[in-house]
Amino acid sequence: MGPRQRHPLLLRWLFPWFSNRVHCCRGRAIPPNQQPTVPTFCHWSCHQHPPSSGRRKALHPNQSHCPVQPRCLNTTSPLPSKARFRPDLNKTMTQLLTFLTKQNSPFLVDLNPYTTFRQRKNSSLDFALFHPTARPLADGHNTYKNGFDACIDSLVASLSALGFPDIDIVVGKIGWPTDGAVNATKRVAETFMKGLVEHLKSNSKTPLRPRKPVLDVYVFSLLDEDRRSVASGDYERHWGVFTFDGQAKYELDLGQGPQKKLSNAHDVEYLMQRWCVANNNNGDLSNASQSMNAACAVSDCTALSLGGSCAGVGWPGNASYAFNSYYQGHGQGVGTCDFGGLGMITTVDPSVDECRFTIGLRTSQSAGRLRGTATVFLVLTVVVVYSDELFFFFFFGSD
């Protein structure tokens, strides 16, 4: 686990609400609702400009990070040892790394193995999922058995080329989505998460860092976000290890033994046990597609995407899903299941196999921190923490 660690992997749920909705991670200040663009390799989120003196005073003096656009890696070669920062960023990165070194701060990097897998031709899913039979990547005398180590060493090679081979590295964000696209499923996400945790527990080093492992790793994220931007893909709303109502999507031991695996939220207060579906008794459903599109424009229908959990429900099941998403998101309000006579309320759960027709949550204070699907979500991206310090990374949605 490394010399600094005194505790095993921990699962920490922290739920503070900040009125200014500023994201903070160990001194990392991020403007609300900022989303990185998608790079071509490893989904790096580089940190370009040292904080201003005013911001530095507001942050812990030894932990300072500032994010910029992540397209910072020159990907002319797939080999980790050949990775370099873009030439036009060398000066800026050198300034940043000098600043971080003086502050005794780590370099924070975001990894997105799912996006890397989707974008790179001939990518191996087994390689991304830590599968023991995955075809290894040969890089000179070094061999990589999984994508995580390859990405870390790509960063190490880039840092070393600028003269900073020993700076600590923190993975500020890593995860696997569970819906909204091909290979974004609960089963695949479970395989990835278990592989990641076992890899970290083994204290495995990388070929370019044989004596200095990654300092800390943060898993993205706690809950799904029904209002997260889908500009890079519908899967963006499904990173949570828990569903929106606090139910674990899969079993996962975070290093504290089977008795400390993920637990479902208790005493969740749902709305009435009723759903909105397409009215098959209405002989004319020709306009249902228009109503469906209107419903999806203001609610979450990402599960209907190709590869999604509800992609195979067919017609009019997909219209029913859209109608119900709108209905639940509007608190089952009067008139929210009309759709010009095309919708109807039912007390029979229309869920089919993995396609779950959800019921919204009550938004009273007794419902606790979990809010209705049309309201603000708090998503905590710190799931796996393995160090002797408490790190936290809050990510807020917006109304």
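**Exercise 1.** Which helix gives the largest share of the lining of the largest pocket, and how many residues does that share hold?

*Solution.* Keep in mind as you work that this is a predicted model.

Step 1: Start with the space itself, which comes to about 800 Å³ for the largest pocket. Its lining counts 39 residues, and those closest to the centre are His238, Asp300, Thr302, Tyr321 and Thr358.

Step 2: Pick out the largest share. H8 provides it, with six residues.

**Exercise 2.** How do the residues lining the largest pocket divide into nonpolar, polar and charged?

*Solution.* Sort the lining by class: 16 residues are polar, 12 are charged and 11 are nonpolar.

**Exercise 3.** Now try the second largest pocket: what is its volume, which residues are closest to its centre, and which element gives the largest share of its lining?

*Solution.* Step 1: The volume of the second largest pocket is about 540 Å³.

Step 1: Among its 23 lining residues, Arg120, Ser123, Ser124, Phe127 and Leu137 are the closest to the centre.

Step 2: Two or more lining residues come from each of the helices H3 (113-119), H4 (125-128) and H5 (147-161). The largest share belongs to H5, which contributes four residues.

Definitions and conventions: Residues numbered from 1 in each chain as written. Predicted model: local features only at pLDDT ≥ 70, side-chain atom pairs only at ≥ 80, totals over all residues. Heavy atoms only, no water. 1 Å grid on protein atoms, 1.4 Å probe; cavity = no way out; pocket = protein on both sides within 12 Å on 5 of 7 lines; lining within 4 Å. Points joined across faces, edges and corners; volume = space filled by probe spheres on them. Nonpolar A, V, L, I, M, F, W, Y, C, P; charged D, E, K, R; others polar.
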